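Have a look at it first, and then we can go through a few points together.

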Amino acid sequence: MQDTPNTPAQPKRPVRRVTGGVATWCRDQLARYVFLAVAFSATVSLLLIALFILKEGVPFIIKIGLKDFLFASEWDPSVGKFGIYPMIIASLWVTLGAMLIGAPLGVAGAIFLTQFVPRSVMRIIKPMIELLAGIPSVLYGFMGVMVLAPFIRNHFGGPGLSLLAGAIILGIMVLPTVISISVDAINAVPRTYLEGALALGATRWQSVHMVILKAARSGIIASVILAMGRAVGETMAVIMVVGNAVKIPHSALDSVRTLTANIALEMGYATGLHRQALFATGVVLFVVVMILNSLAMAAMKRKAGS
Amino acid sequence: MERKVKISVQNLSVFFGRHQALRGLSLDIAANRILGIIGPASSGKTSFLRALNRMNDLDPESRAEGRVLLDGADIYHPSQSAVQLRKRVGMVFALPMPLPMSIYDNVVYGPRLSGVRDRATLDEIVERTLTSAFLWDEVKDRLNLLALRLSGGQQQRLCLARTLAMDPEVVLLDEPCSGLDPISTARIEDALSVLKARYTIILVTNNTKQASRVADETAFFLMGDLVEMGETSQIFTVPKDQRTSDYVTGRFG
């Protein structure tokens, strides 16, 4: 390396002017920090919510004992019994039922929309399905109470307001989630896969289920997991149709109470230990939904990686 | 040698919506020879190729007029199934497009669709077709590797093997070497020269030199018309049409 004095004089570079000068720079910085703050506020509110729920709920769980909280089957706050086992079971069954109804319907709908319907029709139907997601959940509950519950009572027996009614309503409510994410996943499969399979003499259906569904699998799984998160957390529609009796269900026609319903129903008048118990229920829900969301993200990431 | 006609194209026009991609062309394609199709971009080469195995049908806007006779039977006749047709007329695309599965599964995809389940038979098909595509030696120890991990040239040869595995009668190749390096290109060309003993091969290529190297006969397309078709040596040395002459000598296109 030559020392500076020995090198021939470099032609002076023109001084680069900052276009617009100081005012523009200030505006840029301002915009930058405003957007940063907006972006952070979402993260911060998540953290605050988590902290708040944990602060209220965790001491209770420690006091009662995790086992007695999660696995005792009696819930009677007036005499200090705080077992949420029946509600955990109810939440699981309602969610599972909703998935059994919503996932196959949703995935089939997505296949239909992407493969067997002209694009122009899909452009009309898909936004309509997404509108389903915008219907307030209380209206779903209303339909459940007025139409579904009497139907179940008259045709299958039982009180009508039941686990089955909850599963059906939730199954319909998660359709937009399953369909629209699955449609995106299927549309993201390169068209070349379809052409390649067809050129090898596959029928349309063979190429769909052997190639396209395989390639879109992780996206479809993610849609189902996200829908599960939605079903676990849904409250209003569920409260209206499941009957809310705290007991372990023995059939799909039994009345049940879910974790979310429990919080919403009792928060209005709960005090002291009872109130803490509801927060602890919230902790359980929070953890379940977090796990489901992480699974969904992992599924989607695996797709991006392969 | 007698020139046996495998595919007879009669007054074929292809439309995409209002756009006419092919303008009523007629030609006979000889069995067990390589037909090279050359021409500048948007001259209808690919539309022609995709008309021969009815891949154009995938576009709901497309429409074909005229007749395409494969061994004397019109492939556009309503009683003909496009799925059966594509088993007889295989296709290799411009971009290698292995399916997202292993090398082995890619090759046996076609045979499995036709109901072949016997492992030994499938093994034999895999070895025979990969050998024909000059790929066997490079992948024989890793047949379970995801096909997408192969290099571009290997993927394209895999796609050729996959097409051969269906045991088609006609193999359509749509610019199979457009994205490949010279060595991979040479390998595919070598494979084609051997394969023509068994198959009728139609090769669309943007590379005029490639047509002159491997094609027995060459057709020159321009703007949806067939300008000229003949023995490759004749097309490249004494073309009858001035436009062909200009194109093969590189004066335009």
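**Notes on domains, chains and cysteines**

1. In chain A, the C-alpha centres of domain 1 and domain 2 lie 29 Å apart. Domain 1 of chain A covers 21-64 and domain 2 of chain A covers 70-305, with bounds that come from an automatic or database domain assignment. Where they touch, 11 residues from domain 1 of chain A meet 11 residues from domain 2 of chain A, contact being heavy atoms within 4.5 Å.

2. Before going further, a word on the ground rules. This is a predicted model, where local features need pLDDT of at least 70 and side-chain atom pairs count only at pLDDT 80 or more, while totals for chains, interfaces and linings use all residues. Residues are numbered from 1 along each chain as its sequence is written, chains are lettered from A and ligands numbered from 1 in the order in which they are written, and side-chain values use heavy atoms, with hydrogens and water left out.

3. Back to the two domains: domain 1 of chain A and domain 2 of chain A bury about 1,000 Å² between them, and carbon and sulfur atoms give 84% of this. Buried area here is the accessible area (1.4 Å probe) that two parts lose on being put together, summed over both. From domain 1 of chain A, I53(A), E56(A) and F60(A) supply 50% of the area buried against domain 2 of chain A, more than any other three residues.

4. How many salt bridges cross the interface of domain 1 of chain A and domain 2 of chain A? The rule finds zero, a salt bridge being a side-chain nitrogen of Lys or Arg within 4 Å of a carboxyl oxygen of Asp or Glu.

5. Now for the two chains. In this pairing, 18 residues of chain A are in contact with 21 residues of chain B. The area buried between chain A and chain B is about 1,800 Å², with 70% of it on carbon and sulfur atoms. Across this interface the rule finds one salt bridge: the side chains of R50(B) and E195(A) meet at 2.9 Å, N to O.

6. Finally, the cysteines. Over all chains, the count of disulfides (pairs of cysteine sulfur atoms within 2.5 Å) comes to zero. C159(B) is in no disulfide, and the nearest cysteine sulfur, that of C177(B), is 12 Å away. Is C159(B) buried or exposed? At 2% relative accessibility, C159(B) counts as buried; buried means under 20% relative accessible area, exposed over 50%, and partly exposed in between (1.4 Å probe, protein chains only). C26(A), with a relative accessible area of 41%, is partly exposed.
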